[in-house]
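Please keep the sequence and the 3D view open while reading.

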Amino acid sequence: MSTDGDIDPRLAPAIVHRILVVEDDPDTALFLKTLLEREKYEVTIAKDGGQAHSSFVMKKPDFVILDLILPGESGFEVCERLKTVERFLPVLILTAIELDDSKNLAVRVGADAYMTKPFDPEELLLQIKQTAQEAWIRSRAESPDGDETVPVRFACRCGKRFKVARQHRGKTLTCPNCGEPVLVPRHE
Amino acid sequence: MHSLIVQTGKHKGKKIVLPEREVIIGRDETSFIRMTSSDVSRQHCSLTPTDKGLLARDLGSQNGTIVNNAKIEAETLLQPGDLLQVGPILFELAGGRPAKSAGGLDDDIFGWLSESDTATEFPNASDTTIVKASQLTAAAPAPEPKPKFKSLAEEARDIIRRHRESLEGK
């Protein structure tokens, strides 16, 4: 990678090699591919959720840049599915949506970073490195070697509190109090 | 009270209980049964309960309203067992008799379709969504309540819709 020379060697596993870009706009996709390949990343483009999941299986990316408005399945759902399979895979949302609800939902589905378009290319490159490092550090903290016996604590919107085993993170349960679905958060 | 049973797609067998008033099926936000498919017009057709059955009326839709495999040209009375097709979705009128497809009927689903006053989702292979509108009986537009969502897909669609509306407002 371009900055391998000055990176903390302890963070070497956090270095990104293969980036999956999920973007349906061809111009934006081409721009991102050109930008990222210039930085020596190996880039795969997916135009929708289906291609994203296929590429995820075949290419094994170590970083995902994900648009939210996609044909068919939205980026939120794509993120949730990717995180269900590989919860420490860093996912950076790159979208034109500036709504707070969108940012909140992105966090709830496990996204690691959120950037809005139009974006500064240099800021994106920096964000990729930071996000990857943070995700790797978090994966170390929450890896199976960590304390998996500590339950996840969270609350429904109605106020009902839950305490469930960590293995259920990312799953949805029905709140016995209000009957609404509640997502077991992926992160504390 | 009349009921429609979804006959196609992933949610085949699910039941939608209709209120004792005219309802609209279409892409429009205020539709009682809302579909996002581009094959469905904003106000595609209306269903009105009468003493003799459920009256279906096409509202000038682009692709027509189909009853028992025939495009309807005028108001058409549906009887239990009749098939109603709107865009990619086929419904059967269950009406006042046990539903023929009761094998696929889910009591829980029946419960939330009939009791819930919030949006309800039915994604299928063609990305069509059916939701219950929440404020059809209101005479005047009331402030939009904080929506409750039945699924991530539904919440995502709401966010994207609001984003697009915010762009149109600029």
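In which sense do strand 3 and strand 4 of chain B pair, and over how many bridges? Strand 3 (residues 23-26) and strand 4 of chain B pair in the parallel sense, over two bridges. Pairing requires that DSSP finds at least two bridges between two strands. In strand 4 of chain B, B:Arg34 is the bridge partner of B:Gly26.

The model is predicted, so local features need pLDDT of at least 70 and side-chain atom pairs count only at pLDDT 80 or more, while totals for chains, interfaces and linings use all residues. Residues are numbered from 1 along each chain as its sequence is written, and chains are lettered from A and ligands numbered from 1 in the order in which they are written.

**Chain B**

Chain B has two helices and 11 strands; helices (H or I, at least four residues) and strands (E, at least two) are DSSP runs, numbered from the N terminus. From the N terminus on, the order of elements is β-β-β-β-β-β-β-β-β-β-β-α-α. Five of the strands form an open sheet of mixed pairing, in the order 4-3-5-6-9. Its edges are strand 4 (33-34) and strand 9 (76-78) of chain B, each of which pairs on one side only.

Of the 170 residues in chain B, 33% are buried. A residue is buried if 20 or more other C-beta atoms lie within 10 Å of its own, exposed if 12 or fewer, and partly exposed in between, with C-beta atoms placed from the backbone. B:Ala70, in strand 8 (residues 70-71) of chain B, counts as exposed because it has 11 C-beta neighbours inside 10 Å. The C-alpha atoms of B:Ala70 and B:Leu83 are separated by 9.8 Å, and the two residues are 13 residues apart along the chain.

**Chain A**

Five strands of chain A form an open sheet with parallel pairing, in the order 2-1-3-4-5. Strand 2 (42-46) and strand 5 (113-116) of chain A are the edge strands. Strand 1 (residues 18-22) and strand 2 of chain A pair in the parallel sense over five bridges, and A:Ala46 in strand 2 is the bridge partner of A:Val22.

| Helix of chain A | Strands of chain A touched | Angle of directions |
|---|---|---|
| Helix 1 (residues 26-38) | strand 1, strand 2 and strand 3 (63-66) | about 170 degrees with strand 2 |
| Helix 2 (residues 49-59) | strand 1 and strand 2 | about 170 degrees with strand 1 |

**Cores**

A nonpolar core is a set of buried Ala, Val, Leu, Ile, Met, Phe, Trp, Tyr and Cys residues joined through C-beta atoms within 7 Å. The largest has 40 residues, and A:Val22, A:Val64, A:Leu66, A:Val91 and A:Ile93 have the most contacts inside it. Apart from it lies another core of 23 residues, including B:Ile5, B:Phe32, B:Cys45 and B:Ala56.

**Contact between the chains**

The contact takes 14 residues from chain A and 11 residues from chain B, where contact means C-beta atoms, placed from the backbone, within 7 Å. Helix 3 (residues 75-85) of chain A and helix 2 (residues 152-168) of chain B pack at an angle of about 145 degrees, with axes 8 Å apart. A:Phe76, A:Glu77 and A:Glu80 meet B:Leu152, B:Ala153 and B:Ala156 there.

Terms used. Two residues are in contact if their C-beta atoms, placed from the backbone, lie within 7 Å. Axes are lines fitted to C-alpha atoms, for helices over the stretch in contact, and angles run from 0 to 180 degrees between N-to-C directions.
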